[in-house]
Amino acid sequence: MAGALKMKLTRQLLSLTVAAGCLLLPATLWSAEARPQVAKSSCVECHSAFPPPTGVSEAQWAADIHAQKGLSCASCHGGDAKDPSPEGAMSKKAGFRGKPKRTEIPALCAKCHADGAYMRQYNPSLRTDQLAQYRTSVHGKRLAQGDTKVAVCIDCHSVHGIRSAKDTRSTVNPLNVASTCSRCHSDANYMKDYKIKTDQFAGYSASVHHEAMVVRGDLSAPTCTTCHGNHGAAPPGVASVENVCSTCHVFQAQLFDTSPHKAAFAAMGAASCITCHSNHRIVHPTDKFVGTGNEAICTNCHAAGDPGFAAAGRIHDDLVKLDEALKRSAEVLDKAERSGMEVSQARLEEAQGRDSLTKARVTLHSFQPDKVEQDTQAGMKIAAKTYQAGLQALAERDYRRKGLGLTLITILVVLAGLRLYIRQTESKNQSGGS
Amino acid sequence: MGSAPEAAPRSSTHRNPLVRWLDERFGWEDLLAPLRHKTVPVHKLSYWYFLGGITLFLFIIQVLTGILLLLYYRASANEAFESVQYIMTQVQFGWLVRSIHSWSANLMIFTAFAHMFSVLFLRAYTKPRELTWLTGMVLLFLALGFGFSGYLLPWNTLAFFATKVGTEIPGQIPVIGKPLLIFLRGGEEVTGATLTRFFGFHVALLPGITTLLIAAHILLIQRLGMSVPPSQEAAWKALPPSKREMPFFPNFFARELMAWYIALGVLGLLAALYPWELGSKADPFVPAPAGIRPEWYFVFMFQTLKLIPAKVGPIDGELLGILGFGVVGLIWVLLPFLGGDRYGRRQVFIRGLGVFALAYMLGMTVYGYLAK
């Protein structure tokens, strides 16, 4: 009896174990699949116990794109990552070369990254001219002169935990580029030997470009490398500023080329766009930028009496006039909409009026008041029309309310009549009944 | 071939020549006789009797304004929104007709619910008025159907996504859910095909059935007379001379007419001060805007479904909610058959159930509007 019970219990335990195994196996397989496959390395086994800079944690190494693609510590440092003994793994015989010098790093990375045939197997679209570009950069040139303070590959891309630039956690992802550059360029102490400003990051952080990138999440918005280049990073020269800005602001650049400022700026040796808009702290332009007022940039060069001063004033007045007309129209349409009036057609036209204003603000880069006026006049016509539509909607609203008042009075009269009729009928019946 | 026996010529002494003419041919006076003899009980709760009449009035408004809207409305995904926009901006008094149509639809559903609960609490649904309740409940469901199908017709963003969510709900029903969803949508997705068939339901199928059921409902009321609340009935039984009644025509009818005029005034007020908005044209390719919720009368169900966890034991939470509402709806329809005697003890339970249902619907609706 006891034996049978024991057998029954054993069978039940076995079934439970098999069932649990069946359930757990797929879970284990799944979790194994979900983790990136990284080859075991004897180096990480020891170095994970060390503090930085020689320490490399397993998690850090597992996140590195090189480890994920099957490369080992020995790919950069030489040696034998499979040898369990430190002596064997780091022996000269196994080609161990230890920590590369900073001056050697670009060439070391380029061993693979400049080899098109080699890189094609991992990412056929990845460029392989990074080293060539780097050598043209301020960083590369200074490194060649023996300045080891300048940035080398690992300063921007990190080391032992290098992620793909597409990864938002990567130090070179567009979202993080500015803060990566600022680690050196905002450090006044570190940069003091170079005699360049360290307010670029503060300026960029207050710019429209930063707002577009960080607040609106527009990854196509410019960051440091968009204007300066990444591997070939260098400040654009005075002559090439316009070319840099025009990669995005095409129409403004085309109009500027036809403007009287083109030759004037060249003669002054002033860089085109940044003379008015600044470089890093590019704030949202307002209509006050142009004109003859205190905040107008035009007055930096133009004074009362010269034709440029008059032209600036005219452009400013036209823009402000259209902006005010559109605001007045929007106010009336808002009021009509709040009253429940249907003004979607006028709203559509109002948007076209706003487009005219935007177009005029672009056209002003020609610095020709007649051209700007053409756009503002088109907008003024639309603004007048939509303003009228708003007024008509408000008049219609008032007409409806008057109609409602009359209808309600009629209804009240009918109700009073009915009440009278009921009273008369019932009093007649009562007197008839009595 | 046989021929119908010739009717005997009638004579009428009515003063009005038109009525006399009708009376001599169709027996007009005989037709009106039941109305002349019909009486309405007079007591402190008599005003609840007006609700059914107001609901009928609002339905008539719906039919009339609906016919006017049909003159300009175009039921296709490319033209529906623009045609309603045209009605609201270009057609003379188009804004008024559409706004009255939309407002009266909402008021009609409100008065229909109020009528249903008044009938429940005054125990007017019990024997012999089971069929009146039954037809009334079906009419209430049809009114909800009118609301759901009509909501999509302007083809605006809110309506489009609310219909998408709304048609997904019956799609959860086991076995028939998927075919039902495809039947309602005219395909897998909400498209122009959905709009066309919702238009068909809204202007042909539902009005036809509703008109027939309203006729049956009124006929039953005419046949069975107005129900008197049990407490009033007992008081009158104890003291028969205290019983008060008024002739339906013209006394009650004139009062009902007053109620209709007040309803018309309220409709005009709402339409003129708060014209029904149109929103933006539906775009199936943009993501659903935040805070999509159905019309107010579906919010209590929508909010309940949102609150039920994804899984309740082994059962899908949403499915459980839908089945729950289905069962409660069925029980509600069958109340006269489950409630037993009008004076029985079960009536106390049903009254409690009614109070709970009303509080639940109100509470969940308010919660639905306040919840993010």
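1. A polar contact is taken here as a pair of N or O atoms within 3.5 Å, where, within protein, one atom must be able to donate a hydrogen and the other to accept it. Under this rule, four residue pairs are in polar contact across the interface of chain B and chain A, both residues of each pair being at pLDDT 80 or more. The model discussed in this note is predicted.

2. On the extent of the interface: 21 residues of chain B are in contact with 20 residues of chain A. The size of an interface is often given as the accessible area lost when the parts come together. For chain B and chain A that buried area is about 1900 Å², and carbon and sulfur atoms give 69% of it. On the side of chain B, the residues that lose the most area to chain A are B:Trp95, B:Met258 and B:Tyr261; together these three account for 26% of what that side buries.

3. On charged pairing: the count between chain B and chain A is one salt bridge. The partners are A:Glu426 and B:Arg255, whose side chains meet at 2.7 Å, N to O.

4. On the elements involved: α4 (80-89) and α11 (248-273) of chain B are the elements that give two or more residues to the side touching chain A. Of the elements of chain B, α11(B) gives the most to this side, with 14 residues. Sorted by class, the side of chain B that touches chain A comprises 15 nonpolar, five polar and one charged residues.

5. B:Val327, B:Leu330, B:Ile331, B:Leu334, B:Phe337 and B:Leu338 make a nonpolar surface patch of about 530 Å². At least two residues of the patch come from each of α13 (317-333) and α14 (335-338) of chain B, and α13(B) gives the most, with three residues. B:Leu334 is placed in the loop between α13 and α14 of chain B.

6. The backbone geometry deserves attention at several positions. Most residues other than glycine have a negative phi, and most peptide bonds are trans. In chain B, the peptide bond from B:Lys127 to B:Pro128 is cis, with omega near 10 degrees; B:Pro128 is in the loop between α5 (94-121) and α6 (130-152). B:Phe249 and B:Pro250 are likewise joined by a cis peptide bond, with omega about 5 degrees. B:Pro250 is found in helix α11 of chain B, the element that gives the most to the side of chain B touching chain A.

7. In chain A, A:Phe367 has a positive phi of about 55 degrees although it is not a glycine. This residue, A:Phe367, lies in the loop between α22 (344-363) and α23 (369-433) of chain A.

Technical notes
Residues numbered from 1 in each chain as written. Chains lettered and ligands numbered in written order. Predicted model: local features only at pLDDT ≥ 70, side-chain atom pairs only at ≥ 80, totals over all residues. Heavy atoms only, no water. Contact = heavy atoms within 4.5 Å. Buried area = accessible area lost by both parts, 1.4 Å probe. Salt bridge = Lys/Arg side-chain N within 4 Å of Asp/Glu carboxyl O. Polar contact = N/O pair within 3.5 Å; in protein donor to acceptor, adjacent residues only side chain to side chain. Helix = DSSP H or I, 4+ residues; strand = E, 2+ residues; numbered from the N terminus. Nonpolar A, V, L, I, M, F, W, Y, C, P; charged D, E, K, R; others polar. Patch = residues over 30% accessible without salt bridge, like charges linked within 9 Å, V, L, I, M, F, W, Y side chains within 5 Å. Areas by Shrake-Rupley, 256 points an atom, 1.4 Å probe, with all protein chains shown as cover.
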